[in-house]
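Hi everyone, thanks for making time this morning. I have one protein to walk you through, so please have a look at it on the screen.

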Amino acid sequence: VAAAIDRISAGLSSLQATGLVPVDRDDALTLIREVEVLGRRLDSARVAVLAGVEDRSLHRADHHASAKVMVPHAARLSPAEASRRAQMARALRQLPKVKAEFEAGRIGACQVARIARAFGNARVRGALVGIDDELAKLAARSAYRRFDERLTDWVRQADEDGTRDTNQRHHENRDASLRQDFDGSWRIEGGCAS
């Protein structure tokens with residue numbers, strides 16, 4: 001592993017030494033895409049390291065509560081980034097097609113993080129695992145915004161109880177108030193279900 005990391009580091013140093021300045025539009029598009037794939041592959045390696053620490057309980061040797069605690073301590077990450085990686089690792093354990101596309105650099109960390117957020121909803125998790133292949137294909141071929149919209153719509157449809165529960169809660173917590181301001185005008189505020 002150390003030798004592979006040294007080779008990657010040397011390659012990145014060589015790449016950065018070129019200046020990464022495209023000569024024209026086509027060169028810029030190629031450079032953007034190729035460097036993005038490299039970054040995605042490194043992102044997948046970061047998530048894999050966290051997953052490996054968690055799977056082997058290596059965090060316990062230093063008395064860390066979890067890999068999500070150990071990794072940001074060792075790498076000086078924000079708690080939010082550590083949580084995002086931990087959430088991604090949990091989802092990727094059960095989504096092998098998405099994981100393979102992420103490792104190949106065809107899916108970015110933002111798509112995987114979005115999938116992981118959907119995976120975090122226990123009411124849709126099983127159905128999400130069932131569409132692993134379609135999910136991987138959609139994430140690989142769609143712009144992020146379109147992918148996010150499609151996944152959000154899918155979660156909404158797959159999680160009818162979740163939507164109903166939220167709407168019911170809004171209905172039960174409906175309220176209204178009428179207050180007079182200091183200048184004599186009135187302010188009306190309220191909330192209700194859809």
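Let's begin with burial. Of the 194 residues in this protein, 27% count as buried. Please keep in mind that this is a predicted model.

Now for the overall dimensions. The radius of gyration is 23 Å, whereas a compact globule of 194 residues would come out near 16 Å. Along the principal axes, the C-alpha trace spans about 70 × 50 × 40 Å. The protein exposes about 13100 Å², and 52% of that area comes from carbon and sulfur atoms.

For those who like charges: there are 32 positive and 28 negative ones, and their mean positions lie 3 Å apart.

What about secondary structure? You'll find ten helices and two strands, and along the sequence the pattern reads α-α-α-α-α-α-α-α-α-α-β-β. As for contacts with a separation of 6 or more, 51% of them are between residues 24 or more positions apart.

Let me zoom in on one helix, α5, which covers residues 96-104. Which of its residues are buried? They are Val98, Glu101 and Phe102. These three lie on the same side of α5, because they cover an arc of only 100° around the axis.

Finally, after α5 comes glycine 105, with a positive phi near 85°.

Thanks, and I'm happy to take questions.

How values were computed
Residues numbered from 1 in each chain as written. Predicted model: local features only at pLDDT ≥ 70, side-chain atom pairs only at ≥ 80, totals over all residues. Heavy atoms only, no water. Helix = DSSP H or I, 4+ residues; strand = E, 2+ residues; numbered from the N terminus. Rg over C-alpha atoms; globule rule 2.2 N^0.38 Å. Buried < 20%, exposed > 50% of the residue type's maximum accessible area, 1.4 Å probe, protein only. Contact = heavy atoms within 4.5 Å. Areas by Shrake-Rupley, 256 points an atom, 1.4 Å probe, with all protein chains shown as cover. Lys, Arg positive; Asp, Glu negative; His and termini not counted. Charge placed at Lys NZ, Arg CZ, Asp CG, Glu CD. Arc of directions from axis to C-beta.
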